[in-house]
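I opened this notebook to record what I looked up in the structure. The entries follow in the order in which I made them.

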Amino acid sequence: MRSNVLRHNLLTALLLGPATAWLVVFLVLPFVAIGVFSVGERAPEGGYQAAFTLAQYANLPARATAFWNTMVLAPAGALACLFVAYPVAYYLALRAPERWRLILLALVVIPFWTSLLMRTYAWMYVLGGRGIPALLATIGFEDVRLINTPGAVLLGIVYGYLPLMILPIYVSLERLDRRLLEASADLGATPISTFLGVTLRLSLPGVMTGFSLVMILLLGEYLIPTLLGGGKVFFIGNALVDLFLQSRNWPFGSAIAITLVLVSVVVLIVANRISTRLSGARRVDLI
């Protein structure tokens, strides 16, 4: 009996060994290194100099603009994605003809086949002086500026991350027991009451999964603010690139990175608790 248990434990260790080693080497060790850098000092020539100080964390307000833009536009972008994605996912899961469903899902995923850089460059042209502003000028709306604004960044966020919001919601809605909708209607509930009390409630885990996924990715977004913000809308990701590659202040950049990770963890925890409480489920997997 004891030998069987030992054999089982050994087999489990062998199966989990490669994945555990991968996580340790590519996730845990880099995070530990960033943590060590964050309590160090910037070397005179740039980079890292061994020390133990919390001055880098005390200096976080120096990048308050980047934090503010990220903390405002990231949730706003995630909410905008949600408002656009839910009707699309609802139609795909509950209204679309089954023979067309796979094709429509493919159309949702197809943008991922093209580089986000190329798609963002396309929006630079659309929102630039030769795009929509030029069309508006022909009908009398002069000097309309769309590019290099928070609105342009928000639009790019919705376009770039919309599929990541649609798919989790679609999965939740597609698994919905249609008999619950029929029972709600038979009991005299209005369509709005059925949607709020049954459909939305049971799809909430997918909603929170999509929201958390998009939100966490937006916290580290760099490309969209750079191209559509034109250097006027900074995210934390832009600050990290500046600190690590240009000013070479690795300790300060590491402190910002650690803070960003902590914010991401808080987002996951809050989203998980909200989803669990509102949906009545005991546990909701967000990853």
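**Entry 1: a helix pair**

I noted that helix 8 passes helix 9 in a right-handed crossing (the near helix is turned clockwise from the far one by less than a right angle). The model is predicted, with local features needing pLDDT of at least 70 and side-chain atom pairs pLDDT 80 or more, while totals for chains, interfaces and linings use all residues. Residues are numbered from 1 along each chain as its sequence is written, and side-chain values use heavy atoms, without hydrogens or water.

I looked up the geometry: the axes of helix 8 (residues 178–186) and helix 9 (residues 191–219) come within 10 Å and cross at roughly 165°. The two helices are therefore roughly antiparallel (angles over 145 degrees, on a scale from 0 to 180 between N-to-C directions).

I listed the contact (heavy atoms within 4.5 Å): Leu180, Leu181, Ser184 and Ala185 of helix 8 meet Thr194, Val198, Thr199 and Leu202 of helix 9. I counted five nonpolar, three polar and no charged residues there.

**Entry 2: annotated spans**

I found that UniProt, in an unreviewed entry, lists "domain: ABC transmembrane type-1" for residues 67–271. This stretch is 80% helix and 0% strand (DSSP runs of at least four residues for helices and at least two for strands). Its end C-alpha atoms are 20 Å apart.

The entry's "transmembrane region" annotation includes residues 72–93 and 153–173. I read residues 72–93 as 100% helix, with end C-alpha atoms 31 Å apart. Residues 153–173 are also 100% helix, and their end C-alpha atoms lie 30 Å apart.

Key: UniProt positions renumbered as here; feature names shortened; annotations may be inferred. Parallel < 35°, antiparallel > 145°, perpendicular 65-115°, else oblique. Nonpolar A, V, L, I, M, F, W, Y, C, P; charged D, E, K, R; others polar.
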